[in-house]
Amino acid sequence: MGHHAAVWDHRAATEITKDWNGIDQVVLRNPHGASARISLHGGQVISWRNNEQGEELLFTSSKAIFKSPKAMRGGIQICYPQFGDCGSLDQHGFARNKIWVIDDSPPPLHPNESLGKSFVDLLLKPSDEDLKQWPHSFEFRLRVSLGADGDLTLISRVRNINGKPFSFSFAYHSYLSVSDISEVRIEGLETLDYLDNLCRRERFTEQGDALTFESEVDRIYLSSPKVVAVLDHERKRTYVIRKEGLPDTVVWNPWEKKSKTMADFGDEEYKHMLCVDGAAVERPITLKPGEEWTGKLKLSAVPSSFCTDQLELQRKGF
Ligand code: TA6
């Protein structure tokens, strides 16, 4: 992305630039060379690099369409107030296709959420037009932060601004960059039930060992653990996904046939990406007037030598 004007705000090690559509982007940096880039279009994280080598950890399609209102294919998309195409809205809801604003005075989060981090707070509120499409008055605050260790954290807070009660489903639609999908496995979803989007969301039960990939997968794993690991064998890298308030985990790879039907996705690109989304889909969240929901996602990319039994301990809450 080119940038025409850069305003350096030392307060939060944050830089604000514009993309070629003139839409603001926020770049977060940490002292060790890690960075994250967030577009105000959709509040979408479009880049995450967690070390000096500047290696991109999120997948972005080489054929992505950076044109409103289409969400860019890749990064981490905010799917709200609906995940999937089972409701009255566009698939995955409207939040990813709206322009968000930077929120300079957000209600405070726990001090730990800013300690040593560079972060930005974004805000989405419905316009009069939006209220015609989805008649609920909400405020959606998104905090994206980059830790000193390069971890990426997204905290979503949705508040019902004293309208009538409303329900929504949600996902952080996260495109992880992987070296070769046939060398990737997921640990943490074994034996869970899942809804299979390839079979009219019928319910099945996952077998007992780590997930591997040989064909299209489009599943919503239910009541999944707070820690899920995605192991990229070739790069000896593990993505550790920690989530709170997000009981489900969506796993998606379009594989060869579906890839060819997507204009904003290369035919071979399924080999180098995997969506593993912290989500709340099976049981939509209902907010009464004045109530607020929080959904938190923390992504780390660690050498796979970070042995998985430590994750096992974390998963068991030690
Ligand atoms: O489960 C993930 C999914 O719903 C897939 O069915 C696929 O449609 C993917 O999301 C991408 O959706 P999008 O609307 O971004 O093309």
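In this predicted model, Trp134 is buried, with a relative accessible area of 9%, where buried means under 20% relative accessible area, exposed over 50% and partly exposed in between, for a 1.4 Å probe and protein chains only. Trp134 is placed in the loop between helix 1 (128-133) and strand 9 (138-146), the helices (H or I, at least four residues) and strands (E, at least two) being DSSP runs numbered from the N terminus. When residues up to four places away in sequence are not counted, Trp134 touches Tyr80, Pro81, Leu89, Phe94, Phe166, Ser167 and Phe168, a contact being defined by heavy atoms within 4.5 Å. The C-alpha atom of Trp134 is separated by 35 Å from that of Val240, although the two residues are 106 residues apart along the chain.

Residues are numbered from 1 along each chain as its sequence is written. Because this is a predicted model, local features need pLDDT of at least 70 and side-chain atom pairs count only at pLDDT 80 or more, while totals for chains, interfaces and linings use all residues, and side-chain values use heavy atoms, with hydrogens and water left out.

The protein as a whole has three helices and 20 strands. Its radius of gyration, taken over C-alpha atoms, is 19 Å, close to the 20 Å that the globule rule gives for 318 residues, so the protein is as compact as a globular protein of that length; the rule itself is 2.2 Å times the number of residues to the power 0.38. Along the principal axes, the C-alpha atoms fill a box of roughly 45 × 45 × 45 Å. Of the 318 residues, 53% count as buried, and among contacts between residues at least 6 apart in sequence, 64% join residues at least 24 apart.

Side chains of opposite charge can pair when their charged atoms come close. The structure holds 25 salt bridges, each being a side-chain nitrogen of Lys or Arg within 4 Å of a carboxyl oxygen of Asp or Glu. One of them joins Arg203 and Asp193, with the closest N and O atoms 2.9 Å apart. Since Arg203 lies in strand 14 (residues 202-205) and Asp193 in strand 13 (residues 193-196), the pair ties together parts that are 10 residues apart in sequence. Arg203 is partly exposed at a relative accessible area of 48%, and Asp193 is also partly exposed, at 24%.

A salt bridge is also formed by the side chains of Arg219 and Glu206, at 3.0 Å from N to O. Here Arg219 belongs to strand 15 (residues 217-221) and Glu206 to the loop between strand 14 and strand 15, so that parts 13 residues apart in sequence are tied together. Glu206 counts as buried, at 6% relative accessibility. The side chains of Glu268 and Lys271 likewise meet in a salt bridge, at 2.6 Å from N to O, and both residues are partly exposed, Glu268 with a relative accessible area of 42% and Lys271 with one of 30%.

Gln53, finally, is found in the loop between strand 5 (44-49) and strand 6 (76-79), and counts as exposed at 63% relative accessibility. The C-alpha atoms of Gln53 and Ser305, which are 252 residues apart along the chain, are separated by 19 Å.
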